[in-house]
Amino acid sequence: MGATLEKTANAMSDINHGDEGVQACGTERQDETAGVDSVAISTPDIPAEGEVRGAVVFFSSASENTARFIRNCHLEHEGINVYRIPLHRRGGSLNIREPYILVVPTYGGGSPDKAVPTQVRLFLNDRANRNGIRGVIASGNTNFGEAFCMAGDLVSKKCKVPFLYYFELMGTKEDEEKVRRGVPEFFANIKKQQQA
């Protein structure tokens, strides 16, 4: 997919690698393999059409920039399940048990401590959610200067996954097409590596 960014920020230290996380609720199904401590697994906001090839988990603020970008990518037509991290706690929590690419906007106007939205940090604090991350895509604002798309750098470093692509604000048609082609290709490459 697209180019990666090279930054040296050391934020996101508050993503916890312990067992605590968010509580399960919302649109869910039971994880039958989890045993006594089973958690309700979320269903996709936009289910994949046909064979499921992978998943995307995204967060979007009230501006809806990231949500519009994801909708315009039409990833469901490419066999990609699409999940949204709730904006508010009353929206429930998201519990993912499949491999996914995280799409995250950059907050904080250039401050590493505020670059990753709180809701994304809470989502990643759940070890089971964090176990599924395979890559990250970030959006940002070029007005942030060196901190443009910093959230992607921070998640990539903290979760030890590749920073796959970045775009500004709502992205362009070219960005949408690159993500639409690149996400299923990324999962296809993972599948090939597993079969080798």
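**Cut-offs behind the labels**

Student: What makes Cys149 count as buried?

Tutor: Cys149 has 0% relative accessibility, and because buried means under 20% relative accessible area, exposed over 50% and partly exposed in between (1.4 Å probe, protein chains only), Cys149 counts as buried. This is a predicted model in which local features need pLDDT of at least 70 and side-chain atom pairs count only at pLDDT 80 or more, while totals for chains, interfaces and linings use all residues. Residues are numbered from 1 along each chain as its sequence is written, and side-chain values use heavy atoms, with hydrogens and water left out.

Student: Why is the contact of Lys191 with Glu51 called a salt bridge?

Tutor: The N to O distance between the side chains of Lys191 and Glu51 is 4.0 Å, and a salt bridge is defined as a side-chain nitrogen of Lys or Arg within 4 Å of a carboxyl oxygen of Asp or Glu, so the pair of Lys191 and Glu51 qualifies.

Student: What makes Arg180 and Glu78 a salt bridge?

Tutor: Their closest N and O atoms are 2.9 Å apart, which meets the salt-bridge definition. Arg180 lies in helix H5 and Glu78 in the loop between helix H1 (65-73) and strand S4 (80-85), so this pair ties together parts that are 102 residues apart in sequence. Arg180 itself counts as partly exposed, at 22% relative accessibility.

Key:
Helices (H or I, at least four residues) and strands (E, at least two) are DSSP runs, numbered from the N terminus.
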